[in-house]
Amino acid sequence: MLRYFFSRLVTTVLIVFGAMLLLFLLTAVVPGDPAVTLLGPQASPELVKRFVSEMGLDQPIHVRLWRFFANVLSGNLGVDVVSGRSVWSLVLNVLPDTLILTFSAILLAVVTGVPLGIYAATHRGSLLDNVLAFVSVAFIAVPSFVIAIFLLLIFSIWLDWLPVLGAGRSGDFWDAARRLILPTLSIAATWIGFIARLVRTSMLEVLNEPYIRTSRAYGLSERMVTYKYALKNACIPTIAVLGLGLGRLLGNAVFVEIVFARPGLGRLIYGAISERNFPVVQGAVLVVVVLFVLINLVVDLSYSALDPRIRRDGAGGSPV
Amino acid sequence: MRALAALAGILRKVCGTFIGATGFAIVLIIIAMAVFAPIVATHDPDQLDVLNRFAPPSAAHWLGTDHLGRDLYSRLVHGSTIAMFVALTSIILALSFGTILGILAAFLSTRAESVILILFDVISSFPSLVLALAIVSVFGPSMSIVIIIVAITLTPHFGRVARAQVLTLKNAPFLEAERILGASGSRIIVMHILPNIMGTLLVLASMDIPVVITIEAGLSFLGLGVRPPLASWGTLVQDGYQFLTDSWIPVVVASLALAFATLGFTLFGEALRDAVDPRIRPRH
């Protein structure tokens, strides 16, 4: 276990360094004068000058690379070229919003998807099983921003049940919760069907195992067999897929934040692109990558704790 | 001829299920629309008619008009050409690079193999859309950037599968026999390994089409992909979304078209996988 943990840790560090290198290289390969390209043609000469000295664009590339890594590792993500605030404080400001949205979406997907999957597996061929088979594919296929737009149109504009935009007034829990419903639903919709289908397939696989037959032969109740023995093993692939899918989920959150005008990392990056604020893009993207890699690490480790078979080969990276 | 017969057999299997047949029909409709766009469209997709903004569906404008009075149906038809072009070019690029890297990983030394695998891990560890945002922020939005980003993101997907397939094939008795007969490494790869792994890779490619359509539409929706006045499905949704308070028809029509296309390609891809090899893992 320790060896596996160690090799995963090394891969994770390598990935974060790779991401940092790539984000750094983007400033080095920009076409034309980097300061002018990154800030846009309207930037004032003073701004360009400040940007050049802050980003160290007048230095040779190896010095800049060294400075970038040293800064990031000491927790300095750079400075917003427009407002002069530190990128780290901008990110920290909106990070909770994105995390709340992402985790409430995962929670909703798991809480509804898992029971649906169990039901479909234990009632094979039933009406719900068939409907689920079609609906899950349909929701996996449709982009989350399209689902978001339809939810917005139906529940906020036509029915006028839920507030349209924003994250709500700070401190007002119910207002914030009401504004979280539609964004959460837009992201979770894709995942409910997907998780349900996954749980169904792995449950069916597990229910055919000899040990399940044995426990039935011992006279354990069907409930006990399904929930205590089958579900536990059927959960393993679900956790793995959730981990792998988190990148997509964060990507979905970006779109949903924009459709519903919610504050968050996605909107921060998007806004920074529109106003050509490259340090903010760089810093916020790096935070998203680190977040994503860390969650993947946790998922991987919990996955191997649940399923000892994975640890045995000891190799890091993705199981092919 | 044998390949054609095999293809016909696979398609017959795909169309044997309701889901497969529906998917195949939608795929055919969209491909036909994309190829024959100038004939299928009733209007010039960029022709403005500002007096006729937000016209409801009618005989003249089958799906109504957008905020500049352009014919929505014709714009949707031309959007399918862009979606198909982006999907095909980026998937062909990813398929080629992925296959080459995957085969190299399987044949080269363990060190080179781990370098390639780490490269794949690094690419897949980037949330692809966020990677796209960072790149677009530097190079500015354009269709070729979208194609390159999608190609890079999908390369590990094909590379890992190609490597795994080659590893299982590498020591097969028939390849051993070829080697003893004196066949060169490149001959073995081109004549024997490639034809054996292509089927699986093509199924994966078909399952990636809706993923690419979604990414392209998503980036264009944010104004970071295909630039106006080109009629991408993503820009159509964006245009409709911005004028939601004036008319809900454009956004609903464009979103439905996008959803219809991704759904059709997904259903087709899954049916194709079931027909060829149910063990191929879907992307997620």
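This is a predicted model: local features need pLDDT of at least 70, side-chain atom pairs count only at pLDDT 80 or more; totals for chains, interfaces and linings use all residues.

Residues are numbered from 1 along each chain as its sequence is written, and chains are lettered from A in the order in which they are written. Local features need pLDDT of at least 70, side-chain atom pairs count only at pLDDT 80 or more, totals for chains, interfaces and linings use all residues, and side-chain values use heavy atoms, with hydrogens and water left out.

**Interface of chain A and chain B**

- Contact (heavy atoms within 4.5 Å) joins 53 residues of chain A to 44 residues of chain B.
- The buried area, which is the accessible area (1.4 Å probe) that two parts lose on being put together, summed over both, is about 4400 Å², and carbon and sulfur atoms give 82% of it.
- One salt bridge is counted between the two chains, a salt bridge being a side-chain nitrogen of Lys or Arg within 4 Å of a carboxyl oxygen of Asp or Glu.
- The partners are A:Arg197 and B:Glu270, whose closest N and O atoms are 3.2 Å apart.

**Salt bridges within chain B**

- Over all chains, the whole structure holds ten salt bridges.
- B:Arg70 forms one with B:Asp66 at 3.0 Å and another with B:Asp239 at 3.7 Å.
- B:Asp66 is buried at 3% relative accessible area, and B:Arg70 is buried at 7% (buried means under 20%, exposed over 50%, partly exposed in between, with a 1.4 Å probe and protein chains only).
- B:Glu176 and B:Arg179 also meet in a salt bridge, 3.4 Å from N to O.
- B:Glu176 is partly exposed at 35% relative accessibility, as is B:Arg179 at 34%.

**Two residues of chain A**

- A:Asp129 is buried, with a relative accessible area of 4%, and its side chain makes a polar contact with that of A:Arg200 at 2.9 Å.
- A:Ala261 has a positive phi of about 50 degrees although it is not a glycine.
- Most residues other than glycine have a negative phi.
- A:Ala261 counts as partly exposed, at 24% relative accessibility.

Key. A polar contact is a pair of N or O atoms within 3.5 Å; within protein, one must be able to donate a hydrogen and the other to accept it, and residues adjacent in sequence count only if both atoms are side-chain atoms.
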